[in-house]
Amino acid sequence: MEEIEHKYIEVNGLKLHVAETGSRHSPVVVFLHGFPEIWYSWRHQMVAVAKAGYRATAPDFRGYGLSDQPLQPEKTTFLDLTNDILALLDALSVSKVFLVGKDFGAIVTSRFVTLYEERVSGFISIGVPYLPPKPLQFKGLPEGFYVSRFGEPGRAEADFGRLDAKTVVRNVYILFSRSEIPIANENQEIMDIVQPSTPLPPWFSEEDLATYGALYDNSGFRTALQVPYRSLHEQINITDSTVHVPALFIMGESDYFLKFPGIEDYISSEGLKSAVPNLQMVNLPEGTHFVQEQLPGEVNQLVLEFLTKNSKLQ
């Protein structure tokens with residue numbers, strides 16, 4: 001994608017790979033990826049917001065893609081990723097920003113806006129709603145789901161390690177674009193669920209897969225398999241986690257994450273609405289967990305409407 005430029009910026013002792021497009025003098029929109037995503041997962045949104053007059057910035061988190069590995073991946077937390085974004089904004093001389101986070105990138109967005117709300121003009125969460133900075137409890141997940149298996153040291157790493165990076169990404173995109181939580185049988189690993197003949201989702205091309213595979217060939221999955229899943233119990237001491245900046249939550253109705261215990265209740269409860277009083281929620285009926293890649297036109301429109309409404313660009 002010729003219009004997207006690439007650079008490396010040192011933050012907190014690590015060089016982060018950053019993709020950017022748009023005018024340096026425009027309001028900044030920072031896109032934060034999930035797993036197994038990378039900066040590339042925002043390719044459609046970056047071009048769209050840049051054409052609308054914004055500056056799009058998408059880093060690879062530490063340990064992902066072309067960014068440096070942390071010295072101790074096992075000790076890396078959401079707070080580390082959050083502070084990397086703060087340092088990145090300072091390095092870019094950006095005083096205020098719009099944040100767009102997907103999957104666990106939405107959790108980093110939640111942490112950032114809670115701690116540094118004065119630096120945020122507004123934020124968009126995709127797939128995962130705003131979550132207050134307290135330990136995440138997903139009690140009741142089946143043992144055969146891969147997040148549950150992080151309680152067994154090395155199991156997920158061994159499962160992923162049997163395959164090349166491209167195959168791992170392929171399998172994850174197939175598994176998690178479905179509406180049900182993928183569950184392995186008792187004598188099976190998650191990567192064994194997908195058959196080699198299973199086609200990719202129609203919106204995910206072989207070229208896309210090759211790009212992801214090359215990026216994860218570079219970084220491997222060591223950090224990705226530690227963060228965020230080993231930092232789910234991280235807690236930040238803060239007295240009031242209410243955020244008042246404008247917010248948008250985009251949810252695909254076929255997103256498997258809705259099947260996580262307690263998630264639908266939380267989304268529909270007063271808890272979320274009271275934590276983010278200025279929140280708009282939009283459901284996309286056909287949307288899966290990768291909705292920004294699956295339905296880029298619809299997501300781009302929602303993102304641009306939100307940015308226009310909450311910025312000085314008219």
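Start with the aromatic cluster: select F35, F61, Y64, F78, F104, F160, Y216 and F221, which together form one cluster. Keep in mind as you look around that this is a predicted model. Over the whole structure, a search finds 26 aromatic pairs, and one of them lies inside your selection: F160 and F221 sit edge-to-face, with 5.7 Å from centre to centre and 85 degrees between the planes. This pair links distant parts of the chain, since F160 belongs to helix 4 while F221 is in the loop between helix 6 and strand 7, 61 residues away. Both F160 and F221 are buried.

For another ring pair, select W203 and F204. Their ring centres are 6.1 Å apart and their planes stand at 75 degrees, so this pair is edge-to-face too. With a relative accessibility of 3%, F204 counts as buried.

P36 is placed in the loop between strand 3 and helix 1.

**Strand 4**

Now select residues 55–59, which make up strand 4. Is this strand enclosed or open? Look at its residues one by one. Five of the five are buried, so strand 4 is largely enclosed by the rest of the structure. In a regular strand, side chains alternate between the two faces of the sheet. Here, R55, T57 and P59 point one way, A56 and A58 point the other way, and all are buried.

Strand 2 (residues 14–21) pairs with strand 4 in the antiparallel sense, over four bridges; to find the place, look for V18 opposite P59. Strand 3 (residues 28–32) runs parallel to strand 4 and is joined to it by three bridges. There, V29 has A56 as its bridge partner in strand 4. Follow the chain from strand 3 through helix 1 (residues 43–51) to strand 4, and you trace a β-α-β crossover that is right-handed.

Select S67, in the loop between strand 4 and helix 2. At 5% relative accessibility, S67 counts as buried. The S67 side chain reaches the backbone nitrogen of H17 at 2.8 Å. Leaving aside residues up to four places away in sequence, S67 touches K15, L16, H17, D60, F61 and R62.

**Salt bridges**

D84 lies in helix 2 (residues 78–91) and R62 in the loop between strand 4 and helix 2, so the pair ties together parts that are 22 residues apart in sequence. Are its two residues buried or exposed? Both D84 and R62 are buried.

How many salt bridges does a search of the whole structure find? The count is eleven. Another of them joins R24 to E5, where the closest N and O atoms are 4.0 Å apart. Because R24 is in the loop between strand 2 and strand 3 and E5 is in strand 1 (residues 5–11), this pair ties together parts 19 residues apart in sequence. E5, at 47% relative accessibility, counts as partly exposed.

Move on to R162 and D192, whose side chains meet in a salt bridge at 3.1 Å, N to O. R162 is in the loop between helix 4 and helix 5, and D192 in the loop between helix 5 and helix 6, so this contact ties together parts that are 30 residues apart in sequence. R162 is partly exposed at 45% relative accessibility, and D192 is partly exposed as well, with a relative accessible area of 31%.

**Two backbone stops to finish**

Select N12, in the loop between strand 1 and strand 2. N12 has a positive phi of about 50 degrees although it is not a glycine, and at 49% relative accessibility it counts as partly exposed.

End at D103, in the loop between strand 5 and helix 3. D103, also not a glycine, has a positive phi of about 60 degrees. At 9% relative accessibility, D103 counts as buried.

Terms used. Residues numbered from 1 in each chain as written. Predicted model: local features only at pLDDT ≥ 70, side-chain atom pairs only at ≥ 80, totals over all residues. Heavy atoms only, no water. Buried < 20%, exposed > 50% of the residue type's maximum accessible area, 1.4 Å probe, protein only. Pairing = 2+ DSSP bridges. Right-handed = clockwise from strand over helix to strand, strands pointing away. Phe/Tyr/Trp six-rings, centres within 6.5 Å; stacked < 30°, edge-to-face > 60°. Polar contact = N/O pair within 3.5 Å; in protein donor to acceptor, adjacent residues only side chain to side chain. Contact = heavy atoms within 4.5 Å.
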